[in-house]
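Keep the sequence and the coordinates open while reading.

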Amino acid sequence: QVQVEESGGGLVQTGGSLRLSCTAPLRTFSRPAMAWFRQAPGKEREFVAAIRWNERTTYYSDSVKGRFTISRDVANRDSAKNTVLLQMNMLKSEDTAVYYCAADRSPITSNIQNARAYSYWGQGTQVTVSS
């Protein structure tokens, strides 16, 4: 079982920034991808951003493009684990949600924004943006 661990949620004012971190042991996978999804109360889980680890190709939903950045954590010295960061800037009240990190060994590109493409999930971290 692959354990996915998230950190970094919290409370921030509108226009502020937060950074989320997610770690998972994916180094033995051939073409792994890591992604962030979010779920607000009463809404379905939605795609936020994804990164294909080896190619460093990134994908974003239209609602966060230009405000959020997903990246590999170059400071991570643990060779057994992959760590991705989600830098969230210019936060809006509609960004309030539980944010989930997901990972998979090699999702196909056409499915990379689909939650069903990911086998491994974290517990979620709350992000609250107050106006």
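A residue is called buried when its relative accessible area is under 20%, exposed when over 50%, and partly exposed in between, with a 1.4 Å probe and protein chains only. Strands (E, at least two residues) and helices (H or I, at least four) are DSSP runs, numbered from the N terminus. This is a predicted model, in which local features need pLDDT of at least 70 and side-chain atom pairs count only at pLDDT 80 or more, while totals for chains, interfaces and linings use all residues. Residues are numbered from 1 along each chain as its sequence is written, and side-chain values use heavy atoms, with hydrogens and water left out.

**Overall architecture**

The protein has 0 helices and 11 strands. Its radius of gyration is 14 Å, close to the 14 Å that the globule rule gives for 131 residues, so the protein is as compact as a globular protein of that length. That radius is taken over C-alpha atoms, and the globule rule is 2.2 Å times the number of residues to the power 0.38. The C-alpha trace spans about 45 × 30 × 25 Å along its principal axes. Of the 131 residues, 45% are buried. Contact here means heavy atoms within 4.5 Å. Among contacts between residues at least 6 apart in sequence, 59% join residues at least 24 apart. The accessible surface comes to about 6900 Å², and 44% of it belongs to carbon and sulfur atoms. These areas come from the Shrake-Rupley method with a 1.4 Å probe, and for residues only the protein chains shown count as cover.

**Strand pairing**

Two strands pair if DSSP finds at least two bridges between them.

| Strand pair | Bridges | Direction |
|---|---|---|
| Strand 3 and strand 8 | 7 bridges | antiparallel |
| Strand 7 and strand 8 | 5 bridges | antiparallel |
| Strand 4 and strand 9 | 7 bridges | antiparallel |
| Strand 9 and strand 11 | 3 bridges | antiparallel |
| Strand 9 and strand 10 | 2 bridges | antiparallel |

An open sheet of 4 strands has the order 1-3-8-7, with antiparallel pairing. Strand 1 (5-7) and strand 7 stand at its edges with a single partner strand each, so one side of each lacks a neighbour in the sheet. Direction ignored, neighbouring strands of this sheet are turned by 15° against each other on average. The angles use axes that are lines fitted to C-alpha atoms, for helices over the stretch in contact, and run from 0 to 180 degrees between N-to-C directions. Strand 8 is mostly covered, with 6 of its 7 residues buried. Val84 in strand 8 is the bridge partner of Cys22. Leu86, also in strand 8, stands opposite Ile70.

**Strand 9**

How many of the 8 residues of strand 9 are buried? The count is 7, so strand 9 (residues 97-104) is largely enclosed by the rest of the structure. Ala103 in strand 9 is the bridge partner of Met34. Ala103 also has a bridge partner in strand 10, Tyr120. Val98 stands opposite Gln126 in strand 11.

**The cores**

A nonpolar core is a set of buried Ala, Val, Leu, Ile, Met, Phe, Trp, Tyr and Cys residues joined through side-chain atoms within 4.5 Å. The largest has 31 residues, and Met34, Trp36, Leu86, Met88 and Tyr99 touch the most other members. Strands 3, 4, 5, 7, 8, 9 and 11 each give two or more residues to this core. Another core, of 10 residues, lies apart from it and includes Ala33, Ala35, Phe37 and Ala102.

Val48 is found in strand 5 (residues 46-52). Its relative accessibility is 0%, so Val48 counts as buried. Beyond four places in sequence, Val48 touches residues including Trp36, Tyr59, Val64, Phe68, Leu86 and Tyr99. Val48 and Ile70 are 22 residues apart along the chain, and their C-alpha atoms are separated by 9.5 Å.

Pro32 lies in the loop between strand 3 and strand 4. Its relative accessibility is 2%, so Pro32 counts as buried too. Leaving aside neighbours within four places in sequence, its contacts include Leu26, Ile51, Trp53, Asp104 and Arg105. Pro32 and Glu55 are 23 residues apart in sequence and 9.6 Å apart in space, C-alpha to C-alpha.
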